[in-house]
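Let's read a protein model together, feature by feature.

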Amino acid sequence: MFRTAAFKMAAHTDRGIPLSALNPIYLHSNSTSHTWPFSAIAGLIDNAYDPDVNAKQFWIDKTVIKGHDCLTFMDNGAGMDYDKMYKMLSFGFSNKPTVNGHVPVGMYGNGFKSGSMRLGKDAIVFSKKADTMCVGLLSQTYLKQINAQHIAVPIAMFRCTGQTISCPVSEHAASLEDILHYSLFNTKEELLCELNAIKGPLSTNSAGTRIIIWNLRKSSSGQVDFDYSTDRYDIRILPDGKQYKKQEHVMQSGQESDFSLRAYCSVLYLKPKMQIIIRGQKVRTELISKSLACSFKDKYKPQIPNIEPITITFGFNTKSKEQYGIMMYHKNRLIKAYERVTCQLKANKIGVGVIGVLECNFLTPTHNKQDFDYTDEYRKTMCSLNNKLEEYWKEVNHRFGKNADIALTIEDIPKYPDQNWVRCADCQKWRKLPDGIDTNELPSDWSCRRNVDPQFRSCEVPEEPEDSDDEQVYQKTHKQHEREEKMKQTQRMEQEQKNAEQQRMKRLTRQNKDLKRKLKQEKLESCIVKLDLIRDRPDGERDDLVEINEATQMKELERSPQDQLEKTLRSAEEQDYKVLYLQTQGEMEQLRRELDDLKKEKAQAWVEKKAESQDSSTGAGEWSELGTSSFVEVDDELACRVEEMDQRTEQEEELQNRLKHLEEEKSVLLTRCKNLQKDLEVKRECDNVKLSIDDKGSQTDCPHPNRDEGGIATGGPSVPGSVPQDGTRRGPESESGQGDSATQVYRLMLQELRHNVGRLLVNYVPALDLEQVNFDCDVIDELLMQVLEIASSPLATEHNS
């Protein structure tokens, strides 16, 4: 039985496939999408605003019918016939077209059902269109009383012929019967009376729609959602109804539009085209983007193909500094009101009092039209709005001459908007008024004939165009100022870094000088100690030490490659001879100081001796009285002093001789140092020439029996009076003065020089056979010197430069 009953309940297609059904409980569950009561009312207003209805006026009121508190909604739009009313009472039918640029707000076909059932349990709809009048019932109470398993919507239609109204056709008789039995209107005359209440200002048969909702929703404490007594011309949410406050404003101070239906309807549309009357008084709608002070326009380009940049208007709210945020519209309909971006939520007061207005049709609103789908594009849009609002805040503060981190005071914000726009009560067109006129003081029935501008004093004149969306973005002068300040700061930082670097370099220079002075002092002390040790040795041992040192250096030169050779010679030049030179200088200075001391002592002794001789001449009588013994004591003392003076004179002569000997040693060491420097330069030049020859593929080095692999001469007979590398001939005396070890060194150096010059001459005299040349004879020196004057002149010029 249960399966049979269930089968009879289900509707089927012509082929017997069951159709989906809607349980009456769905009416309540569908209405829970409106957590805020005003969003349900906005859904009913949107149906009258859309282009398929295109109502010019919309009335919202509260009344009492047969003891029931009711909300009534009426428009003077196109009205509905039977088919259209059936689709309105059904779910998902939304095929509203765009007419003359008027884009419909409705897009889901669910606004009336969810909105009306959120306000109350029962709703009846009256509509007039041409010669037809329809009455439809959407009632949870009705469905509950008849124990309906599906949502049923009784609809009855009447025909109008002149002043005569005919009864509904037979197929609508059952619907009319249920409407009269389960609604607030129990007779046909009562229904017709409500239909006749749909009147326009000029015709009794004008079209329109009237909706009556009763069994209004109540809280758990038995109170209704709305407050009708605080303001007789407004519908407000009760003070204890904060649970219905918009979720995004829970942590903010109360926005007037959150609790006042009149305030909410005044900004419900970006460009209002329909007049709303709440409880008999017109709502003073406003162009929100034209009611701001210090307003500037900016652009935002969504990262979506084929989407043009949209205009964003920023400005200060002249009515209340507490109401600020972003007003986000979709197809002219307000979706998010006073949505505060990140910078407005911080404690630094940035963006306080600033309103941003934009129409973001590229985003998708939720089905209750109170938010947008939280997509990636929505997040990018909010981030961009935050950045652009911060730029606007900086620009305004820059023009006011204030710091961007300080909130502008009420005195800083202009009291009046940049533009004054008012709406004509007759033609519903917007007119721009001159500056200085307070639109709040204008009467609610202001019309075009009261316009001070004669050009727009008639309702027949088209509406004055607003500012074009192609208007250029405002000049962000604060960015230029920030760049200049940043440049100045960078220059200051660079200058500070430069000064700090200079101070650091000075400090390092002082430390380096102190360190060099300390090292020099330590080296000098070490040299003095070494010089004392050398000075204490006999002259022969000193020469042996020098010879051994030179021989060790030559062996190291022979074993080392070219780079080690240069390093060793450079070390010998910079270390050994400098140390010896410093040692010699130190000893000479010490000897000079000792000599000066001896001279001073000798002069002082001479003065004392002279003074004693004078005393002896003046006091002869006294000396004679002393006797022979005292004279002998004085004579012995003088003799001791004279002998001491003679010893000091001998020491002085010895020190002068030692000083002279050290100066000679110094000159010899300097000469050796210069010779080694010249040898090093010649070897470098020879190596460069050898490398260039190797690159050209012509090898000119010839082996020699007295050379090892490194190319250094190892031995050979010496010839007295040979020409050294500096070009001056040395005699036997000079050679004997240097000692056997020095002569051997010069021989080796001369032989190496001859080999190098011979290799150079091969480039100029290819027929020269180096194997047949005797490099140990003096005859070749004359030939080599003549050739070297021409061949080595570029090298000498390069060396001198």
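The dialogue below goes from the overall chain to single residues.

Q: What should I know about the model before I start?

A: This is a predicted model: local features need pLDDT of at least 70, side-chain atom pairs count only at pLDDT 80 or more, and totals for chains, interfaces and linings use all residues. Residues are numbered from 1 along each chain as its sequence is written, and side-chain values use heavy atoms, with hydrogens and water left out.

Q: How many helices and strands are in the chain?

A: Helices (H or I, at least four residues) and strands (E, at least two) are DSSP runs, numbered from the N terminus. Here the chain has 19 helices and 18 strands.

Q: What share of the residues is buried?

A: Buried means under 20% relative accessible area, exposed over 50%, and partly exposed in between (1.4 Å probe, protein chains only). Of the 801 residues in the chain, buried ones make up 40%.

Q: And how do I read the contacts in the chain?

A: Contact means heavy atoms within 4.5 Å. Taking the contacts with a separation of 6 or more, 66% are between residues 24 or more positions apart.

Q: How do I judge the span of helix α11?

A: The expected span of a helix is 1.5 Å times one less than its number of residues. Helix α11 covers residues 376–400, which is 25 residues, and its first and last C-alpha atoms are 36 Å apart, close to the expected 36 Å. Just after α11 comes G401, with a positive phi of about 75°.

Q: How are α3 and α5 arranged: parallel, antiparallel, perpendicular or oblique?

A: Axes are lines fitted to C-alpha atoms, for helices over the stretch in contact, and angles run from 0 to 180 degrees between N-to-C directions. Angles under 35 degrees count as roughly parallel, over 145 as roughly antiparallel, 65 to 115 as roughly perpendicular and the rest as oblique. Helix α3 (residues 37–49) packs on helix α5 (residues 111–119) at an angle of about 135°, with the axes 8 Å apart, and the two are therefore oblique to each other.

Q: Which residues meet where α3 and α5 pack?

A: On the α3 side they are P37, A40, I41, L44 and N47, and on the α5 side F112, G115, S116, R118 and L119.

Q: How enclosed is α5 by the rest of the structure?

A: Count its buried residues: 8 of the 9 are buried, so α5 is largely enclosed by the rest of the structure. These are F112, K113, S114, G115, S116, M117, R118 and L119.

Q: What does the side chain of S116 reach?

A: A polar contact is a pair of N or O atoms within 3.5 Å; within protein, one must be able to donate a hydrogen and the other to accept it, and residues adjacent in sequence count only if both atoms are side-chain atoms. A polar atom of the S116 side chain lies 2.6 Å from the backbone oxygen of F112. S116 has 0% relative accessibility, so it counts as buried. Leaving aside neighbours within four places in sequence, S116 contacts L44, A123, L138 and I213.

Q: Where is S183, and what does its side chain reach?

A: S183 is in the loop between α7 (173–182) and α8 (188–196), and it is buried at 8% relative accessibility. Its side chain reaches the backbone oxygen of F185 at 3.1 Å. Beyond neighbours within four places in sequence, S183 contacts I124, L137, D178 and W214.

Q: What surrounds R284?

A: R284 lies in the loop between β11 (281–282) and β12 and is partly exposed at 39% relative accessibility. Apart from neighbours within four places in sequence, R284 contacts S266, T439, N440, L442, P443 and S444. A polar atom of the R284 side chain is 3.1 Å from the backbone oxygen of L442.
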